[in-house]
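Okay, thanks for coming, everyone.

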Amino acid sequence: MEFVWRAKPLPPEEKVARLSQEINVHPYLATILVQRGIETYQQAEKFFRPKIEDLHDPFLMRDMEKAIARIDKAITHAEKIMVFGDYDVDGTTAVSIVYSFLRNRHTGEIDYYIPDRYREGYGISKMGIDYAADNGFGLIIALDCGIRSNDLIDYANTKGVDFIICDHHLPGSTIPNAAAVLNPKRKDCEYPYKELSGAGIGFKLIQAFAEKHDLPLDSIMEYIDMVAVSIASDLVDIRGENRTLAYFGLKKINENPSLGIQALLEGYQQKSSLSISDIVFGIGPRINAAGRIADA
Ligand SMILES: [Mn+2]
């Protein structure tokens with residue numbers, strides 16, 4: 001493969017001069033910032049000092065109300081819930097976030113299902129749906145997959161298994177006939193940020209649940225390190241809301257990581273502070289390896 005490198009055009013000098021003065025940085029740095037769309041003091045502040053309040057309202061996402069209502073119904077009726085996701089980093093962190101969060105709050109049984117890379121392959125599997133139906137699961141929350149699984153969702157509907165889909169892949173021409181389909185890339189979704197990872201959408205789901213039920217912020221921040229792992233490893237854009245999520249997630253990884261991440265870091269080089277690159281090359285491959293060797 002051949003790459004052609006094209007330098008970004010230099011931004012107008014007066015913009016660079018203004019920003020350089022306003023935030024007191026060298027014009028070289030100001031140039032780079034303006035090239036990335038950061039032109040004002042406020043924009044620079046958001047970029048350098050992300051705040052948790054910068055996160056968007058999760059209910060701006062199409063179908064979020066429906067998704068929460070369906071989960072509430074499952075909790076009220078103590079239905080069995082299956083959390084389903086892929087064997088890669090984004091899928092497994094997404095499952096981990098939603099499963100761990102709901103496990104503490106669900107009145108009924110909850111389980112997770114990660115398909116086998118070699119027997120079932122990527123995405124929602126017929127085997128998974130059959131397993132759910134045969135074992136009395138009424139609801140499947142599918143993460144990081146499902147947006148094009150229209151036929152399989154129809155099949156699940158005939159078996160009385162409902163789906164909530166949380167996916168960030170590009171939708172096809174028709175949206176599957178699920179109980180709720182969360183995907184900022186839906187044409188009819190007005191969510192202001194389109195580049196969330198699959199686990200990021202799972203995080204928005206638990207954020208919405210926490211808001212609806214007046215749970216404290218800590219109840220979701222516990223899982224934000226997993227979101228940072230997904231953002232780094234899925235190589236999604238790290239601007240906008242992903243930057244806020246990655247910032248707080250990385251902070252947690254450095255200060256107070258969840259047990260799983262702590263374990264994955266065993267034997268990794270000792271550093272005073274881990275960066276996004278440490279996730280990409282240190283944590284991500286260890287998670288992916290599990291799915292390749294055996295069971296993710
Ligand atoms: Mn993904």
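This is a predicted model: local features need pLDDT of at least 70, side-chain atom pairs count only at pLDDT 80 or more; totals for chains, interfaces and linings use all residues.

Residues are numbered from 1 along each chain as its sequence is written.

Let's go to strand 4, residues 162-166. Helices (H or I, at least four residues) and strands (E, at least two) are DSSP runs, numbered from the N terminus. Five of its five residues are buried. Buried means 20 or more other C-beta atoms within 10 Å of a residue's own, with C-beta atoms placed from the backbone; 12 or fewer is exposed, and in between is partly exposed. Both faces are covered, with Asp162, Ile164 and Cys166 on one side and Phe163 and Ile165 on the other.

Who sits alongside? Strand 3, residues 137-143, runs parallel to strand 4 with five bridges, and Ile140 is opposite Phe163. Strand 5, residues 180-182, is also parallel to strand 4, over three bridges, and there Ile164 faces Ala180. By pairing I mean that DSSP finds at least two bridges between the strands.

Now helix 4, residues 64-76. Met64, Ala67, Ile68, Arg70, Ile71 and Ala74 are buried in this helix. They're on the same side of helix 4 because they cover an arc of only 160° around the axis, taking directions from the axis to the C-beta atoms. Just past helix 4, Ala78 has a positive phi of about 50°.

Technical notes: The expected span of a helix is 1.5 Å times one less than its number of residues.
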